[in-house]
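Work through the following exercises with the sequence and the structure at hand. Each task is followed by a stepwise solution.

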Amino acid sequence: MKKLLASAAVLAAVSAYSTASYAGDAPYYAIIAKGFSHQFWQAVKLGAETQAKADGVTISFEGPNTEAEIDKQIDILNAAFAKKPVGLGFAALDTKAEDKALKQFADAKIPIVAFDSGVANDMPVTTCTTDNVAAAAEAAKQLAAAIGDEGEVAAEIHDQTSATGIGRRKGFEDEMAKHTKIKIVDVKFANEAGKAADDIKAMMTAHPNLKGIFASNEGAAVGLAIAQKETGSKIVGVGFDSGKKQKDAINAGLLIGSITQNPVGIGQCAVSSLTKTLKGEKLEKVIDTGFYYYTKDNMSDPKIAAVLYD
Amino acid sequence: MTATTIAETESAKSTFFTVATLQKAVAFAVLLLLIAFFSFTSPVFLSWGNAINIMTATSVNAVLGIACTLVIISAGIDLSVGTLMTFCAIMAGILSVNLGLPLYIGIPGALLTGAAVGVCSGSLIAYLKIPPFIVTLGFMRALYGLNLVMTNAKPIYFDDQPNYSLISPDSSISLLIPGLGIPNAVFVMLIVAVLAAIILNRTILGRFVFALGSNEEAVRLSGVNVNKWKVAIYALSGMICGVGGLLISSRLGSAQPAIGMGYELDAIAATVIGGTSLTGGRGTILGTVIGAFIISVLSNGLTVLSVADQWKFVATGVILVTAVYIDMRLKKRA
């Protein structure tokens, strides 16, 4: 939280004094996330902090206000560079737009590890991420099975431009294309529960025969649950990620289940990959941090419960 | 106030009042046209269920729009309504969940918080003469940060307060008339609108809202304590943001600390589309409610027609600019 305040304060001031403030004994990694609008990022942060303690390093964990503020994230990157970190963990809001800011790290031989969302160049030594296409395809499979493999479906995707948004939409659409009796009638975009709920209720009105909806992140899934509750609809819903409200919705039967990534694992992977790289280890280009499909029945399974967050 | 200035303000108000009525009529006609258009192009748009969807989607924006309207008529501006809404929602959460106090403390607490923040921003504007745009821009950002600090960036869930859902998603009227299904949020919006309209048109505070917006200097010269009234206007606006905070947190069953930024632009859009002049002195509550309905009918209608999401923003943008153009034309004629 201190770091968040720092980022909200005047960035110039930060870059002026921070060189001194971080010049402690422990190596310092700058970890830059996509924002704080979902509990997902708190879980990533927890993983990063746990791993930092284990590796004996200090980290900062910062991000822009919302997941649309690419320009703000570039400013945070620039400010982080001024702090002279020995490593950078970075969850890109855009796969290309931030190349220039990233390049200063590469030029200074500071290793970069991408996490959550990758970038479209080879500057990062590795990318710690969920295979979003495969994860959304699994959601599509579960949805298809639940509606008897035929009928109309729709999707509420959290955004149009990031790698996770694009990947989950593709995974869902590609898998549904294999189910010849299923038709995707609409795809909408919202990243906030209230707005997603209004979107989904309009879709339900537009398509009275709609049988299933996929919601691609926490905000969209909670919106889906609100829409189900407010309309009393019996449409089958499959969500993504967790968070208390989404877990409640699954327990209440509003959603049949959700895909969870491993956010704690993503945070751990970002920090441990930097430590390994600095020790001279070679890493795979992509480290799959895994995903699970969870329902009311396996939610308390220790393996699943460990990666779900409130 | 001397007799001359009263006469002046009165005459100014009555001329503008007709323009406002005319523009309200234009906004209402646009709303009807949109509804007619979507009803003809989509077989499912015109249904009771969808009407409820639209009303629900309008409620928060209309309430924030009303908060903006009061300030904008007085020739001010409020960019902090969105994050203030969230701030009040969090205060309701802290009082009634974290501290476990009953809702009859938590709810007024949230409203008073809104009013208190309004007193702060209003005082900076009135006494220190900092432009309202700057003060409320600062408040928008500062409150966003405080929202995250106070909650440690974690939502506050109202699970321990089951009655909290009575504010927005529950439908009390359905107990009287089964199947009607209008959520309480819609009635809260209507109550806020009626009260705000009464304050604006029937009380001394309302008179000063218009007077400050038309000619602040004249009011000041007539010996009125302008600053005091300005603070009161921002306090009232802040309290209405508190109602918005109660509505959204009740619907989401939680106070979500990261939301709010961007809501001010929708609220200002509703205000302007509804015919409130950004230069002050003119505007109505009903116009703003119609403006908020225009925005949500557009959004819902285009979704029902399966038009790609991006065009929603294009359409609201076009309507906004058109509304301001009409506003300017009408003003010239008056």
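Helices here are DSSP runs of H or I with at least four residues, numbered from the N terminus. The model is predicted.

**Exercise 1.** Locate Ala270(A) among the helices and decide whether Ala270(A) is buried or exposed.

Solution. 
- Step 1: Ala270(A) belongs to helix α11 of chain A, which covers residues 263-278.
- Step 2: A residue is buried if 20 or more other C-beta atoms lie within 10 Å of its own.
- Step 3: Ala270(A) has 35 C-beta neighbours inside 10 Å and therefore counts as buried.
- Step 4: Its contacts beyond four places in sequence are Ile31(A), Ala48(A), Gly89(A), Val113(A), Phe115(A) and Cys128(A).
- Step 5: Ala114(A) is 156 residues away along the chain, yet the two C-alpha atoms are 7.1 Å apart.

**Exercise 2.** Describe how α3(A) and α11(A) pack.

Solution. 
- Step 1: The helices meet at an angle of about 35°, and their axes are 6 Å apart.
- Step 2: The crossing of α3(A) and α11(A) is right-handed.
- Step 3: Among the contributors are Ala48(A) and Ala52(A) of α3(A), and Gly267(A) and Ala270(A) of α11(A).
- Step 4: Sorted by class, this contact comprises 11 nonpolar, eight polar and two charged residues.

**Exercise 3.** Characterise the contact between the chains from the side of chain A.

Solution. 
- Step 1: Chain A contributes 29 residues and chain B 30 residues.
- Step 2: On the side of chain A, α8(A) gives the most, nine residues.
- Step 3: That side divides into 12 nonpolar, eight polar and nine charged residues.
- Step 4: For the complex, the predictor gives an ipTM of 0.72 and a pTM of 0.78.

**Exercise 4.** Find where in chain B the pLDDT is below 50.

Solution. 
- Step 1: Chain B has a mean pLDDT of 89, with 93% of its residues at 70 or more.
- Step 2: The pLDDT is below 50 over residues 1-14 of chain B, a stretch with 11 contacts in the model beyond near neighbours in sequence.
- Step 3: Where pLDDT is low, the predicted coordinates should not be read in detail.

Methods:
Residues are numbered from 1 along each chain as its sequence is written. Chains are lettered from A and ligands numbered from 1 in the order in which they are written. This is a predicted model: local features need pLDDT of at least 70, side-chain atom pairs count only at pLDDT 80 or more; totals for chains, interfaces and linings use all residues. Helices (H or I, at least four residues) and strands (E, at least two) are DSSP runs, numbered from the N terminus. A residue is buried if 20 or more other C-beta atoms lie within 10 Å of its own, exposed if 12 or fewer, and partly exposed in between; C-beta atoms are placed from the backbone. Two residues are in contact if their C-beta atoms, placed from the backbone, lie within 7 Å. pLDDT is the predictor's confidence in each residue, from 0 to 100. Ala, Val, Leu, Ile, Met, Phe, Trp, Tyr, Cys and Pro count as nonpolar, Asp, Glu, Lys and Arg as charged, and the others, Gly among them, as polar. Axes are lines fitted to C-alpha atoms, for helices over the stretch in contact, and angles run from 0 to 180 degrees between N-to-C directions. A crossing is left-handed if the near helix is turned anticlockwise from the far one by less than a right angle, and right-handed if clockwise.
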